[in-house]
Amino acid sequence: MWPSRPGEAVGAFRAFVLIGLGSTLMALSAKVNLPLPYVPMTLQTLVVLTIGAAYGWRLGSATMIAYLAEGAMGLPVFAGPVGGVAPLVGPTAGYLYGFVAAAFTTGWLAERGWDRNVVLLFAAMAVGHLVIFIAGFGWLAYGIGLGGTKAWVVGVAPFIAASVIKNALGAALMPAVRRIVDRRS
């Protein structure tokens with residue numbers, strides 16, 4: 001995402017800045033939320049998948065781990081004015097941990113060229129959303145004991161339409177961001 005000159009190694013400072021920017025975007029996207037009974041609807045999945053596609057699997061995953069660590073340390077980075085360990089063991093835990101796996105998956109696909117085609121990028125982001133849903137559903141159903149039916153009703157079904165919209169938005173935004181970055185380099 002951050003252009004570098006040919007032969008220039010990716011430095012620790014560059015990674016630190018990108019991780020800081022990404023975790024800040026995650027915190028801001030968490031604050032745009034629609035409270036629902038167990039899991040709020042936020043813009044976080046759009047940001048997770050966009051970061052994965054833009055940063056690649058290594059830096060994207062590291063950014064999500066940093067975001068979770070910031071929250072675990074008590075910074076109010078999660079949906080609502082929340083920080084601390086509670087969200088990492090409560091109903092949202094599966095989704096939060098799924099962010100790491102989704103950034104990894106979307107970044108891995110992007111590094112294989114799926115970010116250069118809007119249709120493939122949409123598909124990569126759909127796979128990322130699926131990863132988040134599986135983690136969230138699994139935690140709701142078995143981690144906190146809601147069972148499969150209730151976990152589906154409160155943790156997956158309300159988010160499907162929004163996920164398709166977020167995929168389309170993310171897939172449309174990435175080429176525009178790439179053009180801006182390419183012009184500056």
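Glu111 is partly exposed because its relative accessible area is 41%, where buried denotes under 20% relative accessible area, exposed over 50% and partly exposed the range in between (1.4 Å probe, protein chains only). The model is predicted, so that local features require a pLDDT of at least 70 and side-chain atom pairs a pLDDT of 80 or more, whereas totals for chains, interfaces and linings use all residues. Residues are numbered from 1 along each chain as its sequence is written, and side-chain values use heavy atoms, with hydrogens and water left out.

The side chain of Glu111 forms a salt bridge with that of Arg58, at an N to O distance of 4.0 Å; a salt bridge is defined as a side-chain nitrogen of Lys or Arg within 4 Å of a carboxyl oxygen of Asp or Glu. This pair links distant parts of the chain, with Glu111 in helix α5 and Arg58 in helix α3, 53 residues apart. Helices (H or I, at least four residues) and strands (E, at least two) are DSSP runs, numbered from the N terminus. Arg58 counts as exposed, because its relative accessibility is 54%. The count of salt bridges comes to two. Asp115 and Arg116 also meet through their side chains in a salt bridge, at 3.9 Å from N to O. Within this pair, Asp115 is buried, at 8% relative accessible area, whereas Arg116 is exposed, at 60%.

Arg116 and Ala141 are separated by 25 residues in sequence and by 36 Å in space, C-alpha to C-alpha. Ala141 is located in helix α6 and is buried, with a relative accessible area of 3%. Helix α6 also contains Val118, which is partly exposed at 43% relative accessibility. The C-alpha atoms of Val118 and Met174 lie 8.3 Å apart, although the two residues are 56 positions apart along the chain.

Two aromatic pairs were counted, under the criterion that rings of Phe, Tyr and Trp (its six-membered ring) pair if their centres lie within 6.5 Å, with planes under 30 degrees apart counting as stacked, over 60 as edge-to-face and the rest as tilted. The pair of Tyr67 and Phe78 is edge-to-face, because the ring centres are 5.4 Å apart and the planes stand at 90°. Tyr67 belongs to helix α3 (residues 57-72) and Phe78 to the loop between α3 and α4 (86-89), so the pair ties together parts that are 11 residues apart in sequence. Both Tyr67 and Phe78 are buried.

The largest pocket has a volume of about 370 Å³. On a 1 Å grid over the protein atoms alone, a pocket is an open set of points where a 1.4 Å probe fits, with protein on both sides within 12 Å along at least five of seven lines; lining residues have an atom within 4 Å of a point. Grid points are joined across faces, edges and corners, and the volume is the space filled by probe spheres set on the points. The lining comprises 25 residues, of which Val39, Pro40, Gln44, Thr92 and Tyr95 lie nearest the centre of the pocket. Two or more lining residues come from each of β2 (41-42), α2 (44-55), α4, α5 (93-114), α6 (118-143) and α8.
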